[in-house]
Amino acid sequence: MQVTSSVREPLITGGKTLKDVTHDISRQVEGKPSIGWILGLLVSVGALGLGGLALAATLWEGIGMWGLNKTIGWAWDITNFVWWVGIGHAGTLISAVLLLFRQKWRMAINRAAEAMTIFAVICAAMFPIIHMGRPWVGAYWALPLPNTWGSLWVNFNSPLLWDVFAISTYFSVSLVFWYIGLIPDFATIRDRATGLRKTIYGALAFGWDGAAKTWSRYESVALILAGLATPLVLSVHTIVSFDFATSVIPGWHTTIFPPYFVAGAIFSGFAMVLTLMIITRKLFKLEDYITIGHIELMNIVIIITGSIVGIAYITEFFIAWYSGVAPEQYAFVNRAFGPYWWAYWAMMTCNVISPQLFWFKKIRTSIVLTFILSIVVNIGMWFERFVIIVTSLHRDFLPSSWAMFYPTWADVGVYLFTFGLFFTLFLLFAKFFPVINMAEVKSIVKSSSEKVTK
Amino acid sequence: MERDKNFILGVYDDEDVLLDAITKVRQSGVKIHEVYSPFPVHGIDDVLGYKRSKLPIAAFLFGMLGTSLALLMQFYMMKWDWPMIIGGKDYAGFPVFVPVTFELTVLLAAFGMVGVFFVSSNLKPWGQARIFDLRVTDDKHVMAIDLAVNSGMEEEKLAEVLKSSGASEVNKKSFE
């Protein structure tokens, strides 16, 4: 028998039955798209097309189209790369880490969060690939291909190469994890449908029949994938931080980077999950599944990771002073009070101060304020990467090479392209795939719905 | 009567009733073909007497394969095939091989295990499910009993066992 606590809030409100769950989630897959969805898709595809021009120009002319110069060789491109990868982390954290901790509230949001991970990683992976300048020959530099095919073997001493392995493993394992979860739900839609829809979802459902034996294997696959994905997600952002930390640039060469980057990634990822979920629950009327309780729990994760990030910023400053290394000290003073002071203080305000507002229950249970703060956090996290990358590079060891970075229209355009891509993919997912994991939610209807708890 | 053709189905509305029913049905000497559910029911493999899945072992073996291939690849490329001094480092400094080794271990473990899962559960693109009742992917649990396997018992008796175990409906299903 299920034991329920009278203290815990119900995870599903509105007295839903199993049939209601099937109906509420399948409805948006089967019905006509709403006006809001069509408008959203038009805007996203517009951004994709407009940004596509900048991408085409960059591919045609080369990365000279960007604002990079001899001193600042990494700027918006790598900032955007780290930003998107970071956003991706929340999906795996929700689906894998919260599964290991048996947190049932993950069930309503894991599907969409994993989709977000996959799309964010696609956007992220674009930047290092375009940054190669000639991506069509990039395979020679990025993949271990035989010497007779082109250049020498790749360099396994380089964290940039580790990144290739980390990001591609992360992408493919997340994709598989996500798809396994989708199979039973595709079967649900297949069994409700007729005609072409039955054929399409039938093909996607892989012949799922819901047998107890298959469910038992499914559960053990999900558990082990979660166990594999947990160290994987930590390794990915650790390796991204190695791109910086293993170099000898003041401001980058710090041992604090791996945990600090991972915390920052979870922080920005949860903020993006909130941005997306608040829109999705409204657009598809899922308020009974993604409740204020879910939003509040995610906000609590944001307070924790935001505070870790804040402590990391302060620790970096302290260690720079305590190390007694003059270039290191200069790099940090220059961050806060140099020509890019505004970026530094934008980061500090958005990432350290704004999430502390979530200590107030009124704020963390308010949908409007959560939505605004979730965007503020992601603006802050973009500035964090910009500050780390550009302000550390722009004044290097040789004052005669000091320079400033100014983005060109192509920099902005390629970034816009990834936004277009991300939201186009997410909106298509939200319309054509079941946006909430029906099977998992059904398994907690009896124990965690309002009817039982109250 | 031929096996795997003619079934009697017990339809259950509630997972806890189902779990009790499985025990009752098995105690009365009926062999259950399989139980179909819209979601994973905890403890169902115990009452059905299923053994623990061996998928973790598959994952471990594939993971070990990933570890070995990754180390072999890196040592071969960096030390044996084309040794080069990069930044004054060792040709084959083991610590720098750890990240790629870890990633390939995870990659092969995940893909290998999922591959074994698909093959053992007969899941494939465009795979056709044998559907006993369309509602098993919606809101009902269905217990399928093969009439040929339980030929020692009369059909009415089987229906009676299912009914008394708490089934909300008892249906028949035949496949060609």
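This is a predicted model: local features need pLDDT of at least 70, side-chain atom pairs count only at pLDDT 80 or more; totals for chains, interfaces and linings use all residues.
The contact between the two chains involves 55 residues of chain A and 63 residues of chain B. The size of an interface is often given as the accessible area lost when the parts come together. For chain A and chain B, the area buried is about 5500 Å², and carbon and sulfur atoms contribute 69% of it. On the side of chain A, the residues that lose the most area to chain B are F156(A), N157(A) and F206(A), which together account for 13% of what that side buries. The rule finds 1 salt bridge across this interface. A salt bridge joins the side chains of K19(A) and D138(B), with an N to O distance of 2.6 Å.

Chain B is divided into two domains, of which domain 1 comprises residues 6–52 + 131–174 and domain 2 comprises residues 55–120. The C-alpha centres of domain 1 and domain 2 of chain B are 45 Å apart.

Over all chains, the count of salt bridges by this rule is 17. In chain A, K16(A) is paired with D24(A), and their closest N and O atoms are 2.8 Å apart. K16(A) counts as buried because its relative accessibility is 13%; D24(A) is also buried, with a relative accessible area of 9%. A further salt bridge in chain A is formed by the side chains of E316(A) and R335(A), at 3.5 Å from N to O. This pair links distant parts of the chain, as E316(A) belongs to helix α10 (residues 292–323) and R335(A) to helix α11, 19 residues apart. E316(A) is buried at a relative accessible area of 6%, and R335(A) counts as buried at 3% relative accessibility.

In chain B, the side chains of E155(B) and K172(B) meet in a salt bridge with an N to O distance of 3.0 Å. E155(B) lies in helix α5 (residues 155–164) and K172(B) in strand β4 (residues 169–174), so the pair ties together parts that are 17 residues apart in sequence. E155(B) is partly exposed, with a relative accessible area of 29%. In chain A, salt bridges with shared partners connect K16(A), D24(A), R27(A) and D288(A) into one network.

Helix α7 of chain A (residues 195–204) contains the buried residues Y201(A), G202(A) and A203(A). The buried residues of α7(A) pack against α1 (18–30), α6 (159–192) and α15 (409–432) of chain A. Just after α7(A), F206(A) adopts a positive phi of about 60°. Helix α6 of chain A contains D185(A), which counts as buried because its relative accessibility is 0%. Apart from its neighbours within four places in sequence, D185(A) contacts R111(A), P434(A), I436(A), N437(A), M438(A) and A439(A).

A nonpolar surface patch of about 580 Å² is formed by V333(A), F337(A), W341(A), W342(A) and W345(A). Helices α11 (326–337) and α12 (341–353) of chain A each provide at least two residues of the nonpolar patch. The largest share, 3 residues, is supplied by α12(A). W342(A) is located in helix α12 of chain A and counts as partly exposed because its relative accessibility is 40%.

Conventions:
Residues are numbered from 1 along each chain as its sequence is written. Chains are lettered from A and ligands numbered from 1 in the order in which they are written. Side-chain values use heavy atoms; hydrogens and water are left out. Patches are made of residues with over 30% relative accessible area and no salt bridge: like charges are joined within 9 Å, nonpolar side chains (Val, Leu, Ile, Met, Phe, Trp, Tyr) within 5 Å. Accessible areas come from the Shrake-Rupley method with a 1.4 Å probe; for residues, only the protein chains shown count as cover. A salt bridge is a side-chain nitrogen of Lys or Arg within 4 Å of a carboxyl oxygen of Asp or Glu. Helices (H or I, at least four residues) and strands (E, at least two) are DSSP runs, numbered from the N terminus. Buried means under 20% relative accessible area, exposed over 50%, partly exposed in between (1.4 Å probe, protein chains only). Domain bounds come from an automatic or database domain assignment. Contact means heavy atoms within 4.5 Å. Buried area is the accessible area (1.4 Å probe) that two parts lose on being put together, summed over both.
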